[in-house]
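Q: I'm new to this one. Can you walk me through the model?

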Amino acid sequence: MQYVIAFVTGGTICALSQILMEKTKMLPGRIMVLLVCLGAILGFVGIYEPFSKWAQAGANVPLLGFGNNLWKGVKEMVDKKGFIGIFLGGFKNCAAGLSAALVFSYIASLLCQPKMKKH
């Protein structure tokens with residue numbers, strides 16, 4: 001049942017994002033930023049943690065989970081180091097994911113030889 005809950009939750013998040021892309025003039029990058037910020041805000045308010053425990057990977061894998069992970073890192077570092085923790089916490093908590101994204105993106109660019117679109 002956990003797989004079904006995760007699949008339906010993640011699929012719903014992605015479907016809502018797709019609807020937002022189709023029905024508005026928002027660019028995909030802005031929608032991605034919106035999702036990350038929404039995850040951080042929901043974490044700040046205290047809603048995301050129970051949602052994450054219920055939906056598990058369905059809530060933690062999409063960009064909402066990334067935003068919540070940034071928030072948790074910032075909160076932890078602010079508690080430890082004060083104001084400077086605002087700048088340190090997010091990177092500490094998300095370093096592995098960001099590093100993997102950079103490395104695999106670079107490898108993909110070497111294999112696929114991307115080209116810029118001409119307008």
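A: A term to start with: contact means heavy atoms within 4.5 Å. On that basis, residues 24 or more positions apart account for 49% of the chain's contacts with a separation of 6 or more.

Q: Before we go on, what kind of model is this?
A: This is a predicted model: local features need pLDDT of at least 70, side-chain atom pairs count only at pLDDT 80 or more, and totals for chains, interfaces and linings use all residues. Residues are numbered from 1 along each chain as its sequence is written, and side-chain values use heavy atoms, with hydrogens and water left out.

Q: How many helices and strands are in the chain?
A: Six helices and zero strands. Both are DSSP runs numbered from the N terminus: helices are H or I with at least four residues, strands are E with at least two. From the N terminus on, the order is α-α-α-α-α-α.

Q: What does the C-alpha trace span?
A: About 50 × 35 × 30 Å along its principal axes.

Q: And what share of the residues counts as buried?
A: Of the 119 residues, 24%. Buried means under 20% relative accessible area, exposed means over 50%, and partly exposed is in between (1.4 Å probe, protein chains only).

Q: Let's do helix packing. How are two packed helices described?
A: By the angle between their axes and the distance between the axes. Axes are lines fitted to C-alpha atoms, for helices over the stretch in contact, and angles run from 0 to 180 degrees between N-to-C directions.

Q: At what angle do α1 and α3 cross?
A: Roughly 130°, with the axes of α1 (residues 2–23) and α3 (residues 48–55) coming within 8 Å. That makes α1 oblique to α3. Angles under 35 degrees count as roughly parallel, over 145 as roughly antiparallel, 65 to 115 as roughly perpendicular, and the rest as oblique.

Q: Which residues meet there?
A: From α1, Ile 5, Ala 6, Thr 9 and Ile 13. They meet Phe 51, Trp 54 and Ala 55 in α3. By class, the contact has six nonpolar residues, one polar and no charged. Ala, Val, Leu, Ile, Met, Phe, Trp, Tyr, Cys and Pro count as nonpolar, Asp, Glu, Lys and Arg as charged, and the others, Gly among them, as polar.

Q: Is Thr 9 buried or exposed?
A: Thr 9 counts as buried, at 7% relative accessibility. Leaving aside neighbours within four places in sequence, Thr 9 is in contact with Phe 51, Trp 54, Ala 55, Gly 58 and Ala 59.

Q: How do α1 and α2 pack?
A: At an angle of about 140°, with their axes 10 Å apart. They are therefore oblique to each other. Ser 17, Leu 20 and Met 21 of α1 make the contact with Pro 28, Ile 31, Leu 34 and Leu 35 of α2. The classes here are six nonpolar, one polar and no charged.

Q: Now the other end. What about α5 and α6?
A: Helix α5 (residues 63–81) and helix α6 (residues 85–112) pack at about 135°, with axes 6 Å apart. That makes α5 oblique to α6. The contact has nine nonpolar, six polar and four charged residues. Among those from α5 are Phe 66, Leu 70 and Met 77, while α6 gives residues including Ile 86, Leu 88 and Leu 98.

Q: Which residues make up the largest nonpolar core?
A: Seven of them: Ile 13, Ile 31, Leu 35, Tyr 48, Ala 55, Ala 59 and Leu 64. α2 (28–45) and α3 are the elements giving two or more residues to this core. A nonpolar core is a set of buried Ala, Val, Leu, Ile, Met, Phe, Trp, Tyr and Cys residues joined through side-chain atoms within 4.5 Å.

Q: Tell me about Tyr 48. What does it touch?
A: Not counting residues up to four places away in sequence, Tyr 48 touches Gly 39, Leu 42, Gly 43, Ala 59, Asn 60, Leu 64, Gly 65 and Asn 68. Tyr 48 is found in helix α3 and is buried, with a relative accessible area of 0%.

Q: How far apart are Tyr 48 and Phe 104?
A: In space, 28 Å from C-alpha to C-alpha. In sequence, 56 residues.

Q: Last one. What is phi of Gln 56 near?
A: Near 50°, a positive value in a residue other than glycine. Most residues other than glycine have a negative phi. Gln 56 lies in the loop between α3 and α4 (57–60), and counts as partly exposed at 33% relative accessibility.
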